[in-house]
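Here is a short walk through one structure. Take a look at the model, then read on.

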Amino acid sequence: MPRGRITPDALVSAAADLADEIGFENVTLAALAKRFGVRDASLYTHIRGLADLQERVALRALSEWAEALSAAVAGRAGRDALTAFADTYRTLATEHPGRYAATRHPVPPERAAETPGVMRIIEVCYALLRGYDLPEPDATDAVRFLRSTLHGFSDLEATGAFTADHSLDVSWRRAVDALHHTLTNWTKIH
């Protein structure tokens, strides 16, 4: 890539792609500079360092997730919305493991406020749960339950931790069905 094409946005895009290839935790300024055919020091014109780059990749990944999850649930409710949300979540986690890891990277609140991604994901979760008519604080508990379930399964799948000779797709469907059943009966569980 020619030197004149380096911009902060190009660096973040390349770092996100690199994260998907080698893992978010393995992205270095040296590896990124190599992609652009420049020395590490050249990157400091566009970013403040590795921590800044990691935060930018995290914010980009969160924005991408917010957009994809929003599109998945648009016009849907109840089980249909839950299934679309869950399937999109799983696809993003397994097809973009570096970006997925980046979504869990801690970002200072003031930086998170710079992008609507974080809040948009929360809004989408709560919109999804409106189809289950959950009052507060049940809705907050349900959001935590939903994220824990989807994250746990997706993270284990992405890291190859499921080794049983049984279809992951069947297990996923059953997990989503169990989520739907639990959310449908949430107020009865106390």
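A salt bridge is a side-chain nitrogen of Lys or Arg within 4 Å of a carboxyl oxygen of Asp or Glu. The side chains of Asp-169 and Arg-90 form one, at 3.0 Å from N to O. Asp-169 sits in helix H10 and Arg-90 in helix H5, 79 residues apart. Helices are DSSP runs (H or I, at least four residues), numbered from the N terminus.

This is a predicted model: local features need pLDDT of at least 70, side-chain atom pairs count only at pLDDT 80 or more, and totals for chains, interfaces and linings use all residues. Residues are numbered from 1 along each chain as its sequence is written, and side-chain values use heavy atoms, without hydrogens and water.

A salt bridge also joins Asp-87 and Arg-173, at 2.8 Å from N to O. Asp-87 lies in helix H5 and Arg-173 in helix H10, so this pair ties together parts 86 residues apart in sequence. The structure holds 16 salt bridges.

Now the interior. Buried means under 20% relative accessible area, exposed over 50%, partly exposed in between (1.4 Å probe, protein chains only). A nonpolar core is a set of buried Ala, Val, Leu, Ile, Met, Phe, Trp, Tyr and Cys residues joined through side-chain atoms within 4.5 Å. The largest such core has 31 residues. Trp-65 and Phe-85 are among those with the most contacts inside it. Helix H5 gives the most to this core, with seven residues. A second, separate core has 23 residues, including Ala-16 and Val-38.

How values were computed:
Helices (H or I, at least four residues) and strands (E, at least two) are DSSP runs, numbered from the N terminus.
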